[in-house]
Each structure stands twice: as structure tokens, then as C-alpha cells.
Amino acid sequence: MKTVMTIVGARPQFVKAAPVSRELRKRCREVLVHTGQHYDYSMAGVFFEELRIPKPDYDLGIGSSSHGRQTGEMLISLEALMLENVPDAVLVYGDTNSTLAGALAASKLRIPLFHVEAGLRSYNRDMPEEINRVMTDHVSALLFAPMAEAVSNLRAERVTEGVYEVGDVMYDAVLFNERLAAAKHRSEDFGVPAGGYYLATIHRPSNTDDPVRLRAILQALRSLDQPVLFPLHPRTGKMLKAMGDSAERTYGDNLLFTEPLSYLEMLALERQAKAIITDSGGVQKEAYFAKVPCFTLRSETEWVETVACGWNTLVDPLTMDLGRIIGDYRPRAYIENLYGDGTASLQIAELIHQYLQ
């Protein structure tokens with residue numbers, strides 16, 4: 001059997017890789033590498049068992065540091081692993097530093113590279129993720145695009161060989177896990193009634209590292225008409241502490257801060273929320289899958305089709321009234337199969353298998 005080395009670096013990438021791994025391992029030998037880019041408290045044995053995710057063969061333990069240092073350390077370690085394992089191909093996901101390091105290591109060693117979530121563009125080069133996406137796409141042999149817009153983006157950059165519109169593996173993962181999530185978790189367990197709360201997640205440096213912007217976001221959430229369940233990302237919690245803010249004292253009782261939530265907890269709470277407020281790319285899509293309105297606290301998004309179809313609204317908390325925008329929102333008709341039919345993983349595994357024959 002041919003060997004494919006899969007490289008992931010964060011919990012969302014494991015979730016995306018899970019359905020692909022299930023199909024890929026029917027056809028190829030997979031070596032799964034976790035760079036350790038994002039340490040997550042839930043990345044313990046129960047995480048892998050609960051979601052039926054293969055445990056990594058290697059955990060490099062490369063944690064947080066500057067972008068250059070982190071990517072460089074990953075590049076060195078991944079090159080050594082590739083030389084040791086001699087894979088026939090390397091598979092990467094999304095837009096993290098782990099993705100870029102894997103892409104660079106594979107291309108330097110002339111190993112075919114495959115990219116899941118190829119062709120996404122926010123057209124904001126100030127975002128490190130945008131640089132990672134573009135560079136990875138331009139050295140990939142197979143590019144698995146989640147929707148037609150991504151294929152068009154690649155075509156505009158004259159990337160046309162090896163491009164396949166397969167749908168979104170994240171949709172595959174949600175279909176696999178949503179029943180398990182609903183059976184295990186209810187909003188009432190978090191002190192809020194189904195349909196009677198907002199769910200907020202804020203983690204991007206552009207929102208958390210600017211005290212003025214972060215305070216504006218918190219004040220906007222405080223003004224909403226329903227409780228806001230707010231799982232605190234470590235970066236956000238650290239910034240609040242540095243600002244000297246007591247969450248309960250400063251921002252009122254309707255902000256219900258919690259510890260970071262598991263993937264299944266998030267899936268269940270997203271589906272039961274009145275609306276979702278986020279700066280996460282993944283949560284934007286999960287909101288769409290859950291048929292729940294999303295309000296994204298960014299000036300741009302990679303998932304432009306969620307905005308175009310009316311289920312996602314971009315909001316600048318410094319210049320726009322979030323409460324008014326949510327109050328005025330009226331959903332449009334829901335478009336089914338915007339991200340494929342749930343067979344992206346099957347298509348990817350088969351295309352990889354064909355390529356390696």
C-alpha cells in the first residue's frame with residue numbers, strides 16, 4: 001500500500017481529518033502527525049475515542065511562539081519525519097502554520113502535496129492564514145476545493161491542474177457527529193434554554209489583542225436582548241486579565257463566561273442558539289450547517305458564500321451596532337448543499353488513491 005503522511009496542528013484539523021482518514025485508510029497506509037501547534041485541553045484520549053479519530057503516530061510538541069520560529073521548528077522536524085518514513089505523498093489541511101510547514105517540507109523533498117480546503121481567499125494579506133493558504137496552494141499537486149468559489153479563486157491565480165471541487169470535509173464531520181452531540185449535550189446543562197441565548201466565540205488576535213476593540217465587542221454583547229454564552233479562548237481570557245477587567249463586574253450578568261468547550265459541546269450549543277457571534281472561520285460554517293444566523297466580527301471572510309446567501313453578516317463592532325443588526329436580521333431561504341453532499345471525504349480518498357497508482 002502507498003503511504004500518505006497527514007499533517008495537522010490543531011483540534012479543528014483533527015475533526016476535518018477524521019472522515020478523510022476513515023476513507024483513506026481503506027486504500028492507503030496513513031502516518032498521522034500532530035505538530036502540537038495549538039495545545040488543547042481536550043486533546044486527550046477521550047477526544048479521539050469520542051469522535052472516533054485516529055490517534056497521531058507522532059506528536060512533535062511544537063507549541064506557541066512567533067510565526068517564523070514556530071514554522072521553522074515545524075519545518076525541521078517534519079523534514080526529518082519525511083526522510084524517515086519516505087511517504088508517497090503528504091496531505092495538509094486549511095491554513096495554519098502546520099499546513100505551511102508541511103507544504104514547504106514536502107515541496108523541498110519533491111514529495112507530492114495534497115491540500116484540503118484549497119482555494120479559499122479572504123484577500124487580506126495582513127492575515128498570516130491568507131499567506132499560508134496561497135503558498136500551500138501553489139505547491140500542491142492535488143487541490144481539494146470545498147465549493148465553486150474556491151475553484152474560481154485558483155483559476156484567477158492560474159492554478160488549474162489537479163483542482164477538484166469535492167465539497168467540504170467539515171460538513172462530512174458535522175453529519176457524522178451531530179447526533180452524538182445532541183445525545184450528550186443540552187443547552188440547559190449550561191444554564192440557558194434552547195433558542196433563548198446567543199453563542200459567542202472570539203479568538204483572533206485582531207479582536208483580542210487590541211483592548212479598545214475587545215472592550216467594544218464585550219460592550220456590544222452586553223447590550224443584546226438574550227444571555228450570551230461565551231466560552232473563553234485562552235488568548236481572550238489572558239487579555240481580559242491583562243486589562244484588569246472582572247468579567248462579571250464590568251460586563252454584566254447576561255455574559256455567561258465558560259471554559260473552552262469540546263467539539264461536541266459546541267456542535268450541540270450551535271444548533272440550539274438563537275444566533276452565533278464569532279470571528280472563527282470554522283464556526284461560521286458550523287452555524288450555516290446548523291441553520292442558525294451568524295454574525296462575524298471581521299471585515300472579511302473566506303466563506304463569502306455564507307454572506308452572499310444571507311446567513312452570515314460581517315460586523316465591525318467599533319462602527320456598527322451589533323444589537324440593531326441582529327434585531328433587524330431576517331433570514332433568507334436556506335440553500336441546501338452549498339458545501340457538497342457529505343461525500344467530500346470519499347471523493348478525496350479515491351482521488352488520492354488514483355493519483356498514487
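View 1. Buried here stands for under 20% relative accessible area, exposed for over 50%, and partly exposed for the range in between (1.4 Å probe, protein chains only). Helices (H or I, at least four residues) and strands (E, at least two) are DSSP runs, numbered from the N terminus.

The model is a prediction, so local features need pLDDT of at least 70 and side-chain atom pairs count only at pLDDT 80 or more, while totals for chains, interfaces and linings use all residues. Residues are numbered from 1 along each chain as its sequence is written, and side-chain values use heavy atoms, with hydrogens and water left out.

**View 2. Strand 4 and its two partners.** Five of the five residues of strand 4 are buried, so the rest of the structure largely encloses this strand. A89, L91 and Y93 lie on one side, with V90 and V92 on the other. Strand 1 (residues 3-8) pairs with strand 4 in the parallel sense over four bridges, and V4 has A89 as its bridge partner. Strand 5 also pairs with strand 4, in the parallel sense and over four bridges; pairing requires at least two DSSP bridges between two strands. Here F114 of strand 5 stands opposite L91. From strand 4 the chain passes through helix 4 to strand 5, a right-handed β-α-β crossover: with the strands pointing away from the viewer, the path from the first strand over the helix to the second runs clockwise.

**View 3. The nonpolar cores.** Look for L91, F144, L221, I277, F295, L322 and I352, the residues that touch the most other members of the largest nonpolar core, which has 80 residues. Such a core is a set of buried Ala, Val, Leu, Ile, Met, Phe, Trp, Tyr and Cys residues joined through side-chain atoms within 4.5 Å. Beyond its neighbours within four places in sequence, I352 contacts V4, L24, L91, F114, L142 and F144. A second, separate core has 17 residues, including I7, V90, A103 and A105.

View 4. With strand 12 (residues 294-296), strand 11 pairs in the parallel sense over three bridges; C294 is the bridge partner of I276.

View 5. R11 belongs to helix 1 (residues 11-24) and counts as buried at 15% relative accessibility. A polar atom of the R11 side chain lies 2.8 Å from the backbone oxygen of L261. P260, in the loop between strand 10 (255-258) and helix 12 (263-272), is partly exposed, with a relative accessible area of 27%. Nine of the ten residues of helix 12 are buried, so the rest of the structure largely encloses this helix.

Methods
Contact = heavy atoms within 4.5 Å. Polar contact = N/O pair within 3.5 Å; in protein donor to acceptor, adjacent residues only side chain to side chain.
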